[in-house]
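Me: I would like to learn how to read the packing and the sheet pairing of a protein model. Could we go through them one feature at a time?

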Amino acid sequence: MNRRNFLQQMSVLAALPAVSLMWPLRLAAMGINPAIVPLNKPHEAWRGLVAPEAYRILFEEQTEEPGSSELNGEERDGTFICAACYLPLFESRNKYESGSGWPSFTQPIAGHVGTKADYQLIFLRTEYHCARCGGHQGHVFKDGPPPRGERWCNNGLALKFVLQTESLSALRN
């Protein structure tokens with residue numbers, strides 16, 4: 001090994017701590033709470049843990065028919081959790097009737113969802129997913145009520161509802 005190679009390798013090693021410190025910043029930029037540890041679990045592993053219809057939505061990014069979810073009319077106090085890993089995603093106080101046919105919220109629980117660009121319908125939409133298991137939840141639009149102006153339009157089968165008087169389920173691995 002010559003001196004140049006040695007110095008290059010040492011500079012890479014010196015940069016590693018800085019790179020590892022930037023990872024939480026990258027997660028935060030994607031809207032994910034760095035304290036939420038993403039599961040390293042392939043989508044196929046969820047197949048036996050969720051209903052087949054929920055699996056198609058969560059891990060194949062399908063969409064349920066509008067108006068088909070019993071969660072559309074859910075108005076009780078509680079928490080909406082991911083149907084796969086049980087991470088809390090929405091609080092009932094942020095749910096509203098958007099008229100879209102899907103459960104809609106004004107905002108998620110901070111850092112519990114991640115977003116990405118979605119061009120499946122040719123035009124740009126913002127898809128969001130569970131920050132922990134990566135399960136597809138729905139899309140966010142900029143036509144919601146004030147003050148945020150956001151409509152987090154969710155597939156009902158991608159969620160479970162837990163009453164405020166009940167304990168939240170333990171997170172599922």
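Me: Which residues of the largest nonpolar core touch the most other members?

Reply: A nonpolar core is a set of buried Ala, Val, Leu, Ile, Met, Phe, Trp, Tyr and Cys residues joined through side-chain atoms within 4.5 Å, where buried means under 20% relative accessible area with a 1.4 Å probe, protein chains only. Here the largest such core has 28 residues, and L58, C82, A84, L89, F90 and C133 touch the most other members. Helix 2 (52–60) is among the elements that each supply at least two residues of this core, and the largest share, five residues, comes from helix 2. Helices (H or I, at least four residues) and strands (E, at least two) are DSSP runs, numbered from the N terminus. This is a predicted model, in which local features need pLDDT of at least 70, side-chain atom pairs count only at pLDDT 80 or more, and totals for chains, interfaces and linings use all residues. Residues are numbered from 1 along each chain as its sequence is written, and side-chain values use heavy atoms, with hydrogens and water left out.

Me: What does F90 touch, not counting residues up to four places away in sequence?

Reply: A contact means heavy atoms within 4.5 Å; by that criterion the partners of F90 include F80, F105, Y128, W152 and L159.

Me: In what order do the six strands of the open sheet lie?

Reply: Strands of a sheet pair through backbone hydrogen bonds, either parallel or antiparallel. Two strands count as paired if DSSP finds at least two bridges between them, and here the order is 3-4-8-7-6-5 with antiparallel pairing. Strand 3 (95–96) and strand 5 (113–118) are the edge strands, each pairing on one side only. Strand 4 (residues 104–105) pairs with strand 8 (residues 151–154) over two bridges, and S104 stands opposite C153 in strand 8.

Terms used. Buried < 20%, exposed > 50% of the residue type's maximum accessible area, 1.4 Å probe, protein only.
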